[in-house]
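Please examine the sequence and the structure shown here. A short report on selected features accompanies them.

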Amino acid sequence: MHAEYKVPGGKLVTVDLETSGGVISHARVAGDFFLEPDEVLEMINHSLEGLSVATSHDDLEAAVSKVIPDGAVLMGFDPAAVATVVRRALTSATSFTDYQWDYLAPEPLEPLHQMAMDQVLTEQVGAGERGPTLRLWEWAKPAVVIGSFQSLRNEVDMEGANRHGMEVVRRVSGGGAMFMELGTAITYSLYAPAELVAGMSFQDSYAFLDDWVIQALRGLGIDAHYKPLNDIQSPSGKIGGAAQKRLGSGAVLHHVTMAYDMDGDRMVEVLRIGREKISDKGVASANKRVDPLRAHTGMSRADIQDHLVNTFQSLYSLRPGSITDAEHRLAANLASEKFATTEWLHRVP
């Protein structure tokens, strides 16, 4: 069994395993990381041998940590990364480069259609009807998008939303509210087989799926980094946030919204972002949390989007694709039957 894992912000870790009788009989960890002294690598390998193939991520991490002597230096990886790559090998996980990715260019869609399209495309990947896909969003009208488990009344000032002409919709994934005026944000979705994140914790999978965009932002001169669980940040504030949903169809939906040129004052007129929510961010007001990409780069939104796509293309295989008429019909039906209903929008009053 073989697996690879690129540590977000770190190095590549690989493992080759042999199993016998339900236990790991042979393990070889390798990678482009740094490790001193050399003999610690053999200690790590031996710590894995004899463990059950059902050993959890936490127990694998503990087994590796136990054998690392005081004073050893691990750079670009850690025991948690070893545990992740071992679990990925044992679960036949895949990597980005195992797939031919399709790219869906921005296409203006109504807010309800956007919500439905995310679910439809994820289910299509899970059913084998389309390959792994990267989609950039475009909006036909302004919207507030709340997370699947957020309270509508606690998150949104409906009078403020109506005053600013913003439709309020609820998505299938968790996480926080998105304030989406036209041309003010960059949103992308990844629709991928569940095998891509097999063996990973939810926290690890967030950083793993967004590592390419961190690289893209750094390529623009932005000192971007990932802050668990789901924030993309610069030293001066939050750039964007991620959300994820694993569907029973065998696919994962992962999407991210990054601020390009948001109006923070208007945002706080629409979103009820309380002091409790921002208390751990080290700022006094919600609008100061937003750190738009335009201010960082001086580039147009379209040019930044092109840079993101080109970065993905340079790292992985990416070809132009399109949303089919059948997928649009499925999304239209789902928007009407699910996302437009009062039961869905008010599922958490």
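The report treats salt bridges, a pocket and a surface patch in turn.

The model is predicted, so local features need pLDDT of at least 70 and side-chain atom pairs count only at pLDDT 80 or more, whereas totals for chains, interfaces and linings use all residues. Residues are numbered from 1 along each chain as its sequence is written, and side-chain values use heavy atoms, without hydrogens and water.

**Salt bridges**

The whole structure contains 12 salt bridges (a side-chain nitrogen of Lys or Arg within 4 Å of a carboxyl oxygen of Asp or Glu). The table lists some of them.

| Pair | Closest N to O distance |
|---|---|
| Lys6 and Asp211 | 3.7 Å |
| Asp263 and Arg266 | 3.9 Å |

The pair Lys6 and Asp211 joins distant parts of the chain, 205 residues apart: Lys6 belongs to strand S1 (residues 2–6) and Asp211 to helix H8. Helices (H or I, at least four residues) and strands (E, at least two) are DSSP runs numbered from the N terminus. Asp211 is buried, at 7% relative accessible area, while Lys6 is partly exposed, at 31%. Here buried means under 20% relative accessible area, exposed over 50%, and partly exposed in between, with a 1.4 Å probe and protein chains only.

Glu167 is partly exposed, at 22%, and Lys141 is partly exposed, at 29%.

Asp263 and Arg266 belong to a network of salt bridges that includes Glu181.

**The second largest pocket**

A pocket is an open set of points on a 1 Å grid over the protein atoms alone, with protein on both sides within 12 Å along at least five of seven lines; its lining residues have an atom within 4 Å of a point. The second largest pocket has a volume of about 390 Å³, taken as the space filled by probe spheres set on the points, which are joined across faces, edges and corners. Its lining comprises 18 residues, with Tyr5, Val7, Pro8, Asp204 and Ala207 nearest the centre. Helix H3 (79–90), helix H7 (202–209), helix H8 (211–219) and strand S14 (225–227) each give two or more residues to this lining.

**A nonpolar surface patch**

Phe34, Val73 and Met75 form a nonpolar patch on the surface, with about 290 Å² of accessible area together. Such a patch joins nonpolar side chains (Val, Leu, Ile, Met, Phe, Trp, Tyr) within 5 Å, from residues with over 30% relative accessible area and no salt bridge. Accessible areas come from the Shrake-Rupley method with a 1.4 Å probe, and for residues only the protein chains shown count as cover. Met75 lies in strand S5 (residues 73–75) and is partly exposed, at 47%.

Conventions
Patches are made of residues with over 30% relative accessible area and no salt bridge: like charges are joined within 9 Å, nonpolar side chains (Val, Leu, Ile, Met, Phe, Trp, Tyr) within 5 Å. On a 1 Å grid over the protein atoms alone, a cavity is a set of points where a 1.4 Å probe fits but cannot get out, and a pocket is an open set with protein on both sides within 12 Å along at least five of seven lines; lining residues have an atom within 4 Å of a point.
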